[in-house]
Amino acid sequence: MTFNELASQRLEEIARMLDLLGEDTFKVNAHARAARAIADHAADLKGAGDDPSVLEGIEGVGAKTAAKIAELARTGTIKEHADLAARVPAGLFDVLRVPGLGPKTVRAMWQTLGVTGLDDLQRTIDDDSILSLPRMGAKTVENIKAGIATVRSGAGRVNIGVATPIAEALVARISGVPGVERAAFAGSLRRGRETVGDIDILGVAEGPTAEAAREAFCTTPGVKRVLARGESRCSVELEAGSSIVQADLKLVPARSWGAALMYFTGSKEFNVRVRERALKRGVTLNEYGLFPLDNDPTPHHQRPGGLETAVAGDTEASIFKALELPELAPELRESAADFDHAPPELVTLQDIRAELHAHTTASDGVMSIVQLATLAKSKGFHTVAVTDHSKSSALAGGLSPERLREHIRNVRSAGNEIDGIRILAGSEVDILADGRLDYDDDLLAELDVVVASPHAALTQDPAKATARLLAAVTHPLVHILGHPTGRLIGHRAGLEPNMDEIAAAAAEHQTALEINANWLRLDLRDTHVRLALSKGALIAINCDTHHPKDAENLRYGVATSRRGGLSKERCVNAWTRERLGEWLKR
DNA sequence: GCCGTTTTCGGCCCGACTGTTTTCAGTCG
């Protein structure tokens, strides 16, 4: 866990504990907001212990929170957190995760029934003592029972690569309802976050069409439970692989499409900022549109003909324009921080013209060289690099120097078998634990492209990891640093090197840092991309193709790059064939 | 606890839904 993640977690826990103790909700929200801001902050805040000024300028982090973060950096703990933890049973965090249970109810359970965890909660259901709580009836208890099962099933955040196909299937299902004009997914999935807490689907439908859409949504194959089904919103729990994910449907009139899309895309912080901007300009923004401010307390959408008084709202662009804001891509709406700056022109999926990290049957891929090249060509790419594993990755069929030399010849001859795409001979060479590369320089010099990646010793300490990756990044024959940290989202933390140093060295040596587009990796992560770009580094987005379906992961890599603010100019995969070739020969 | 182009004090987004009520509290996003 990085320091930022730890600090974010501690602040979030403080927020939850204050909430359970019945503290002021604004204080609670302030901690939760600071936790999100820290989690999304690009630069490592570990240095805050010596120099708290690194915390200045982070929105939502004031003097008191800054002091807590500095304390954590200095001592490894936050006294306030420890004091709270001594008062609030840790098991209540699990109880809070039960859908439908919030701080008020959990607090009542804890203080009047002695509930300190999920087992206690189950006991109060079994012996009916739960019914003694205010506003607690049979239906609520049934929902809590189902909610406990949801929590115990391990439902949590779902990887973008799992959630996206589900979201697309839901969009297709809603779009297929006769009369539905359009549908799309919104939420953190549209912002391209590496994991999502739920799936938000938006559709345009009114009257009987809306009822048909609701019915289609709630009866989607894989739906385990309908959580809510109202006029304009529905919520269900869906199977997602071995886990469960919540999906929400919102139905709006066509003239509210843009306002609703913006609203449900978020983030929360972004919405607040846009709304404040609107109010200053004498208009008010909600999910139905942008309306002139007046003294009538009835919301515009509830007034007869009210929607027609909207200044904007049918498209997101109309709202940005009306507020005189540049159109901000969903991936950049994570926080309010970038709001006042003109957004960079971000790289797009269509800009990507080269895959520079791919495996064949020579190591652990399933495609031949020609099959791989054919796939890349079908994507409209001008270049594909064959980068099979090096000898230390024995389990992945890493190539001995002799086999690599033969493989290079095979790659060169494959180039004669297929037109319209350049096939590069390369290697994904292991960066050994001490920073040496897995092949001698004279062999590496025979290759067109060298991707250097860490595969083993992924728990070494940050200082060693930094030295190890610096050795690779500054090596004159290395073009790309592959999946720099080796993390697997939700499974393995990976290396925690000093990314400032890595990025600065990469910039100096014109070595590209890879965003590995595999949705289990997304490594570099979004905050690292932002940091790398601030240091002037180049970025590569690669699918690390082993199987034809891996090419579909490109969009997740692109989304991650966009969240970091990557432009076409700084993305080597988006360069022309000629420019890419010159860079590789440097 | 945070924040300020009307404020350094007094605000802090707001609408939908459910289940419990008898007019609404709690939760969610």
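How many helices and strands are there in chain A? Chain A has 22 helices and 16 strands, taken as DSSP runs (H or I of at least four residues for helices, E of at least two for strands) and numbered from the N terminus.

Keep in mind that this is a predicted model, where local features need pLDDT of at least 70 and side-chain atom pairs count only at pLDDT 80 or more, while totals for chains, interfaces and linings use all residues. Residues are numbered from 1 along each chain as its sequence is written, and side-chain values use heavy atoms, leaving out hydrogens and water.

As for the overall build, 53% of the 586 residues of chain A are buried, that is, under 20% relative accessible area with a 1.4 Å probe, protein chains only. The C-alpha atoms fill a box of roughly 75 × 55 × 50 Å along the principal axes.

Now to the DNA. There are 42 residues around DNA strand B, and T105, R135, G137, R229 and S232 come nearest; being near takes a heavy atom within 4 Å.

| Residue atom | Atom of DNA strand B | Distance |
|---|---|---|
| G60, polar backbone atom | phosphate oxygen | 2.8 Å |
| T65, polar side-chain atom | phosphate oxygen | 2.7 Å |
| R275, polar side-chain atom | base oxygen | 3.0 Å |

Elements giving two or more residues to the surface near DNA strand B include helix 3 (63–75), helix 6 (103–113) and strand 5 (223–229).

Note on methods: Chains lettered and ligands numbered in written order. Polar contact = N/O pair within 3.5 Å; in protein donor to acceptor, adjacent residues only side chain to side chain. Buried < 20%, exposed > 50% of the residue type's maximum accessible area, 1.4 Å probe, protein only.
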